[in-house]
Amino acid sequence: MDIAIIVEGKNDRSRLARVLSPEVPIHCTFGTLSTSRIEALRKAIGRRHVYLYMDNDSSGRRIRGVLRDIFPDADHIYTRRGYAGVEGTPEEYLIQQLEKAGLEEFILYPAPDTDKWRE
């Protein structure tokens with residue numbers, strides 16, 4: 001599957017990159033979506049299937065609404081209210097949401113904690 005994920009900012013991208021294979025491009029809106037930024041996103045994404053992973057705040061909902069019109073077939077991934085956006089979401093929850101979206105093949109799972117088994 002050829003996919004791309006769109007997030008709001010570079011900190012969101014960095015957070016997701018820690019749990020996703022480097023083959024998955026993560027694009028940023030960098031806040032307000034101008035016409036030129038929208039066209040740059042369209043061009044960069046091409047024919048890939050899009051996943052939108054925005055913050056659960058008014059800005060994130062506004063950006064998601066605009067991108068929903070541009071990428072009507074996009075899948076939506078949500079973070080929980082109370083987390084400080086995608087960048088403040090615990091990795092375990094990011095992974096759960098990526099699994100819900102069916103992206104298991106792209107997830108970089110953390111190594112098991114072997115220290116707890118040592119005595």
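User: In what order do the elements of the protein chain run from the N terminus on?

Analyst: This is a predicted model. In it, the elements run β-α-β-α-β-α-β-α. The chain has four helices and four strands.

User: Why is Gly 60 called buried?

Analyst: The cut-off for buried is under 20% relative accessible area. Gly 60 has 0%, so the label applies. This glycine sits in helix H3, residues 58-70.

User: Which residues does Gly 60 touch, leaving out those up to four places away in sequence?

Analyst: Glu 8, Met 54 and Asp 55. A contact needs heavy atoms within 4.5 Å.

User: How far is the C-alpha atom of Gly 60 from that of Glu 39?

Analyst: The two C-alpha atoms are separated by 19 Å. Along the chain, the residues are 21 apart.

User: What makes the buried residues of H1 line one face of the helix?

Analyst: Start with the residues. In H1, which covers 10-17, Asp 12, Arg 15 and Leu 16 are buried. Seen down the helix axis, they fall within an arc of 95 degrees, so they line one face. The general rule: an α-helix has 3.6 residues a turn, so residues three or four places apart point the same way.

User: Which residues of H4 are buried, and what covers them?

Analyst: The buried set is Glu 91, Tyr 93, Leu 94, Ile 95, Gln 97 and Leu 98. Their cover includes E1, H1, E3 and strand E4 (75-78). After H4 comes Gly 102, with a positive phi near 80 degrees.

User: How do you know that the radius of gyration agrees with a compact globule?

Analyst: Set the value against the rule, which is 2.2 Å times the number of residues to the power 0.38. For 119 residues, a compact globule would come near 14 Å; the protein chain has 15 Å, so the two agree. The C-alpha trace spans about 60 × 30 × 20 Å along its principal axes.

User: What share of the residues is buried, and what share of contacts joins residues 24 or more positions apart?

Analyst: Buried residues make up 41% of the 119. Among contacts with a separation of 6 or more, 57% join residues 24 or more positions apart.

Note on methods. Residues numbered from 1 in each chain as written. Predicted model: local features only at pLDDT ≥ 70, side-chain atom pairs only at ≥ 80, totals over all residues. Heavy atoms only, no water. Buried < 20%, exposed > 50% of the residue type's maximum accessible area, 1.4 Å probe, protein only. Helix = DSSP H or I, 4+ residues; strand = E, 2+ residues; numbered from the N terminus. Arc of directions from axis to C-beta.
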